[in-house]
Amino acid sequence: MKKIISTNKAPQAIGTYSQGIILNDLLFTSGQIGIDPNTGNIVGGGIDKEVTQVLKNIENLLIAGGVDKSSIVKLTVFLKDLNDFSIINEKFEQFFKGYTYPARSTVEVSRLPMDALVEIECIALTS
């Protein structure tokens with residue numbers, strides 16, 4: 001059974017997609033960029049601030065789906081500049097402190113929506 005995840009605590013879709021979908025025991029988020037859901041704009045302050053906002057957005061989508069970050073099994077990270085990899089690791093260490101790290105892929109891309117510096121998509125277990 002498929003269920004659509006929607007919350008005003010994460011950015012609304014800026015295209016033809018859902019914020020998230022639950023299918024059977026898995027929750028899939030659409031790629032999240034560092035948009036502040038209150039303003040609709042990407043947060044200022046560079047990669048550090050964008051990653052923090054992306055992780056908040058993902059966490060709010062998980063909560064809307066009835067789970068938390070301990071349920072994350074896989075993250076895919078799209079970076080504008082792979083030189084920011086160490087910042088991603090720092091932010092993930094803080095975000096997952098006390099939790100098991102999920103599997104992860106990281107790739108450098110030429111451009112992201114709204115000229116974001118990072119986009120992350122998530123797969124989590126719902127049971």
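Predicted model: local features only at pLDDT ≥ 70, side-chain atom pairs only at ≥ 80, totals over all residues.

Me: Thanks! How many bridges join strand 2 to strand 3, and do they run parallel or antiparallel?
Reply: There are four bridges, and the two strands run antiparallel. Strand 2 covers residues 20-23, and strand 3 covers residues 26-29. In general, strands of a sheet pair through backbone hydrogen bonds.

Me: Zooming out, what is the order of the strands in the open sheet?
Reply: Its six strands are in the order 1-2-3-6-4-5, and the pairing is mixed.

Me: And which strands stand at the edges?
Reply: Strand 1 (2-5) and strand 5 (103-108) do. Each has a single partner strand, so one side of each has no neighbour in the sheet.

Me: How much are neighbouring strands turned against each other?
Reply: By 15° on average, with direction ignored.

Me: What about helices? Which strands does helix 1 lie across?
Reply: Helix 1 (residues 47-64) lies across strand 1, strand 3, strand 4 (72-79) and strand 6 (118-125). It runs at about 25° to strand 6. Helix 2 (residues 85-95) also packs on the sheet, where it touches strand 4, strand 5 and strand 6.

Me: New topic: what volume does the largest pocket have?
Reply: About 160 Å³. It is lined by 13 residues, and the closest to its centre are Ile14, Tyr17, Gly31, Gln32 and Ile33.

Me: How does that lining split by class?
Reply: Seven residues are nonpolar, five are polar and one is charged.

Technical notes:
Residues numbered from 1 in each chain as written. Heavy atoms only, no water. 1 Å grid on protein atoms, 1.4 Å probe; cavity = no way out; pocket = protein on both sides within 12 Å on 5 of 7 lines; lining within 4 Å. Points joined across faces, edges and corners; volume = space filled by probe spheres on them. Nonpolar A, V, L, I, M, F, W, Y, C, P; charged D, E, K, R; others polar. Pairing = 2+ DSSP bridges. Axes fitted to C-alpha atoms, helices over the stretch in contact; angles between N-to-C directions. Contact = heavy atoms within 4.5 Å.
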